[in-house]
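Hello,

Please find below the structure I promised to hand over, followed by a few notes on what turned up in it.

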Amino acid sequence: MKRLYLILALLVSTALPMCAAEATGFLFQNTVQPLMGSSATQGSKVGKAACYNILGYISWGDCSIKKATQKGNVRSVGYADQSVLTVLGISKMETRVYGR
């Protein structure tokens, strides 16, 4: 019986971090979500920033719009989106900004 409780606790604790996300796939996910602006206003410059996550327990990186604009030398943001790639609970989130 203790083993059953342990397994249930592990399943619930693994699933809880994913409850806040809009589109979530623990085994596999490959999505792109708009953050701001309109894709019709894309500029000539692109900036990218990434952060990573392992099973919802360990996260690192800076995937903010500010970091992406710094990396791409984008002064005026027209559009921003975020792509998420997850394979077996290991995720990479990449924020992309487009502008001048």
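**What was found**

The accessible surface of the protein comes to about 6800 Å², and 62% of that belongs to carbon and sulfur atoms; areas come from the Shrake-Rupley method with a 1.4 Å probe, and for residues only the protein chains shown count as cover. Please keep in mind that this is a predicted model, in which local features need pLDDT of at least 70 and side-chain atom pairs count only at pLDDT 80 or more, while totals for chains, interfaces and linings use all residues. Residues are numbered from 1 along each chain as its sequence is written, and side-chain values use heavy atoms, with hydrogens and water left out.

The protein has two helices and five strands (DSSP runs numbered from the N terminus, H or I of at least four residues for helices, E of at least two for strands), and along the sequence they follow the pattern α-β-β-β-α-β-β.

Thr86 lies in strand 4, which covers residues 77–87, and it counts as buried because its relative accessibility is 3% (buried means under 20%, exposed over 50%, partly exposed in between, with a 1.4 Å probe and protein chains only). Leaving aside residues up to four places away in sequence, Thr86 touches Gly25, Phe26, Leu27, Phe28, Gln29 and Ser91, where contact means heavy atoms within 4.5 Å.

Buried residues make up 28% of the 100 residues in the protein. By the cut-offs above, Tyr52 counts as partly exposed at 32% relative accessibility, and Trp60 counts as partly exposed at 46%.

Best wishes
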